[in-house]
Protein chains: 2
Amino acid sequence: MTKGELIYNGKSKSIYKIEGEQHHVIQTFKDDVTAFNGEKHEEIPNKGYFCNQISASIFRYLEAKGIKTHFVLPYSGYEMIVKKLEMIPIEVVVRNVAAGSLTRRLGLERGKKIVFVATGSDPNTHIQEVPIVEYYYKNDELGDPLINDNHILTFGLADQSTLYSINHLARHINTFLKEYFKNINLILVDFKLEFGKDKKSDIILADDINPEGCRLWDMDTNVSYDKDLFRTGDGDFGLALEEVYKKINFSSIP
Amino acid sequence: MTKGELIYNGKSKSIYKIEGEQHHVIQTFKDDVTAFNGEKHEEIPNKGYFCNQISASIFRYLEAKGIKTHFVLPYSGYEMIVKKLEMIPIEVVVRNVAAGSLTRRLGLERGKKIVFVATGSDPNTHIQEVPIVEYYYKNDELGDPLINDNHILTFGLADQSTLYSINHLARHINTFLKEYFKNINLILVDFKLEFGKDKKSDIILADDINPEGCRLWDMDTNVSYDKDLFRTGDGDFGLALEEVYKKINFSSIP
């Protein structure tokens, strides 16, 4: 299998063709890390390696739970073979605990647990930990703005049934990932997902899942193991990535 | 009926108690006009008068169409008696044509008609003029941020059935108002609504509806008859208010 030409060059990943192959591509993880829409930029040695390995572990775990992902096989330390998809230009953010832009948007305290309280005859049975799901229009020039269902449908970013599936999948993935990270003593605060469609129009989890696009806090100390360390400069993101990688590999996650 | 103490002092309106009366209050319209979250501020002679008169006409029209509003009676040129409600802290924005923050958020051309295209076997039958409905959290300190259904439900700004009713009402009101303004040769580009609940928990249209919270364009020339004239400084908002007032009063609107 031979790596072909570069077809997409993003801030933290690239996509390459595979020679003579139509349905798969190679996703390469970079050591570059950026924040504040590209204003802050560094290279962290081995970042791409750890992000690739962690993403692969999580995709395997989710596949075992019945979630369709674009992950096929590892290709190299920094690379994985993934299904070629028609990407949906929406970033789906799932939030279990208030942090980041949500605290600024709604004036919430960082760390506030998000508990959806539904009304009902017996209030106790209706207090559930239902996450917030947000959609952002994937557009660097516009700064990935928050959008609602109406914007998505009106401007054709996705149709109603696709949007329903994405929402449903995001909530399921959240349930599985909360359990996954609980096993290694981490709280899944929030995370970003992207989806694509395959030839059959099935909706497939794409992109990556690792501490670059998730917030993960130590269950006992609330210390961050994610990109907030880079954003704030208050810690070593590279070291955190290595620690999450080790926790996953030395854990008993199925 | 005697005007009592001031109970709310907003940027463009105040609310006063009525002596010895629990269920109604007096809503007073100011000549003050502000933009950019209060940064630009002026007084426009008679603005409060025209906004009060236009709002009263529109509330009467909507009541005749079966929409419950808080409007009860005129009190003075600048004032109306309205029902006292428990306000829902959401600004509902309905958009028929792209303008203002929507053009900036999504990179759209001002004036683009918002047409929701649903998929179906016969595409022609499915092209409908369905407006975009947006929710903003009514909070000056946070700059009235855009929010989605999840934020509203999770943080208890409204429950599911209230949110459903608000959305439904907003779309009906839009249909009626488009017709209303069409009669006086104006395009209803977008507008803001606020709702409250009465003692019976019925959802009632509150606040006001006039060219301060609507965008209205001349059907032939696309010239603005609304607060954009004040925002941009490209016209006389006071004159536009007077013209809309005259159009309404000299028209054959039922």
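This is a predicted model: local features need pLDDT of at least 70, side-chain atom pairs count only at pLDDT 80 or more; totals for chains, interfaces and linings use all residues.

Guide: Look at chain A and find helix 1 (residues 47-64) and helix 6 (residues 237-249): their axes come within 10 Å and cross at roughly 30 degrees. Angles under 35 degrees count as roughly parallel, and therefore helix 1 and helix 6 of chain A are roughly parallel to each other. As for the hand of it, the crossing of helix 1 and helix 6 of chain A is left-handed.

Now for the side that helix 1 of chain A brings to the meeting: A:Lys47, A:Tyr49, A:Phe50, A:Cys51, A:Gln53, A:Ile54 and A:Ser57. Facing them from helix 6 of chain A are A:Phe237, A:Leu241, A:Glu242, A:Val244, A:Tyr245 and A:Ile248. Sorted by class, this contact between helix 1 and helix 6 of chain A has 9 nonpolar, 2 polar and 2 charged residues.

Elsewhere in chain A, have a look at a charged pair: the side chains of A:Arg110 and A:Asp228 form a salt bridge, 4.0 Å from N to O. A:Arg110 sits in the loop between helix 2 (101-106) and strand 10 (116-117) of chain A, while A:Asp228 is in helix 5 (residues 228-232) of chain A, so the pair links distant parts of the chain, 118 residues apart. Searching the whole structure turns up 40 salt bridges over all chains.

Zooming out to the interface, 26 residues of chain A touch 26 residues of chain B. About 2300 Å² is buried between chain A and chain B, with 65% of that from carbon and sulfur atoms. Across that interface of chain A and chain B, the count of salt bridges is 0.

Key
Residues are numbered from 1 along each chain as its sequence is written. Chains are lettered from A and ligands numbered from 1 in the order in which they are written. Side-chain values use heavy atoms; hydrogens and water are left out. Axes are lines fitted to C-alpha atoms, for helices over the stretch in contact, and angles run from 0 to 180 degrees between N-to-C directions. Helices (H or I, at least four residues) and strands (E, at least two) are DSSP runs, numbered from the N terminus. Angles under 35 degrees count as roughly parallel, over 145 as roughly antiparallel, 65 to 115 as roughly perpendicular and the rest as oblique. A crossing is left-handed if the near helix is turned anticlockwise from the far one by less than a right angle, and right-handed if clockwise. Contact means heavy atoms within 4.5 Å. Ala, Val, Leu, Ile, Met, Phe, Trp, Tyr, Cys and Pro count as nonpolar, Asp, Glu, Lys and Arg as charged, and the others, Gly among them, as polar. Buried area is the accessible area (1.4 Å probe) that two parts lose on being put together, summed over both.
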